[in-house]
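Subject: Structure for you to look at

Hello,

Here is the structure I said I would pass on. My notes on its sheets and its nonpolar cores follow below.

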Amino acid sequence: TNSIGVYTELNSIFTNDGIINGLSSSSIGIFANGNTVAENTGTITTNNLGIYGSGDGINGATVNNSGDIYVNTAGKVGIFVEKNGTTANLTGGTINALSTVGNTIGVHAEDTGVINLSGSNINLLGNNSVGLSLAQNSKLKLTNGNISVGNSGTGIYSKDSTIDMIGYSVTITMGNEGIGLYLDNSTLNATANQNLNISYNG
């Protein structure tokens with residue numbers, strides 16, 4: 001059945017510094033809707049979606065993660081942000097999936113969503129997983145944080161979106177037949193002396 005651990009809206013601020021377990025295949029650990037802030041400094045385990053942030057048609061939500069998120073079911077997502085510039089700030093902690101859990105996405109943004117990677121490490125060890133995913137005029141700012149994906153995985157996937165590399169010096173690690181950075185009708189902006197390190201564990 002559909003279930004939400006914590007729902008926030010209307011200028012609310014919520015911080016999880018404990019443990020949220022989303023056991024249902026349709027559960028959401030935290031849902032931030034509109035002009036609100038949801039922060040995870042603790043632990044979220046999910047069989048569907050760890051944190052969902054969405055604009056309400058006027059204002060975007062803010063999602064801050066410096067804790068740990070564990071995606072335990074194939075085909076599911078750690079953090080999903082969309083609409084009105086809703087933003088995921090990944091300042092620390094980890095987003096994880098075991099090697100037996102494939103087709104996962106660490107963080108996905110669409111419909112003008114924004115991802116700021118500035119300290120979190122993403123470890124999706126299952127096959128066909130994607131570390132960071134963008135679509136529909138979304139934006140990604142890369143500052144700091146490592147990404148690891150399994151066989152046939154993609155470190156960063158962008159469709160119709162923009163990626164900014166600002167002082168970015170990290171490593172994307174992949175298994176066999178992996179892709180570090182995949183751009184589809186997208187723009188990559190990089191300042192001088194950027195270091196995007198690609199490593200294969202094949």
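Two strands count as paired if DSSP finds at least two bridges between them. Please keep in mind that the model is a predicted one.

First sheet

The β3-β6 pair belongs to an open sheet of eight strands, in the order β3-β6-β9-β12-β15-β18-β21-β24, with parallel pairing. At its edges stand β3 (19-22) and β24 (195-200); each has a single partner strand, so one side of each is left without a neighbour in the sheet. From one strand to the next, the twist averages 10°. As background, strands of a sheet pair through backbone hydrogen bonds, in either a parallel or an antiparallel arrangement.

Another open sheet is formed by eight strands in the order β2-β5-β8-β11-β14-β17-β20-β23, and its pairing is parallel. Here β2 (13-16) and β23 (187-190) are the edge strands, and each pairs on one side only. Neighbouring strands in this sheet are turned against each other by 10° on average, with direction ignored.

Strand β11 (residues 87-90) pairs with strand β14 (residues 114-118) in the parallel sense over four bridges. Ala88 has Ile115 in β14 as its bridge partner. On to the next strand, β14 is joined by five bridges to strand β17 (residues 139-144), and these two run parallel. Ile115 stands opposite Leu140 in β17, and Leu117 has Leu142 in β17 as its bridge partner.

Nonpolar cores

Which residues have the most contacts inside the largest nonpolar core? They are Ile79, Leu132, Leu142 and Ile147, in a core of 37 residues. The strand that gives the most to this core is β21 (residues 169-174), with three residues.

Leaving aside neighbours within four places in sequence, Leu142 is in contact with Leu117, Leu132, Ile156, Ile163, Asp164, Met165, Ile166 and Tyr168. Another core lies apart from the largest one; it has six residues, including Phe31, Leu49, Tyr52 and Val77.

Best regards

How values were computed: Residues numbered from 1 in each chain as written. Predicted model: local features only at pLDDT ≥ 70, side-chain atom pairs only at ≥ 80, totals over all residues. Heavy atoms only, no water. Axes fitted to C-alpha atoms, helices over the stretch in contact; angles between N-to-C directions. Core = buried A, V, L, I, M, F, W, Y, C linked by side-chain atoms within 4.5 Å. Buried < 20%, exposed > 50% of the residue type's maximum accessible area, 1.4 Å probe, protein only. Contact = heavy atoms within 4.5 Å.
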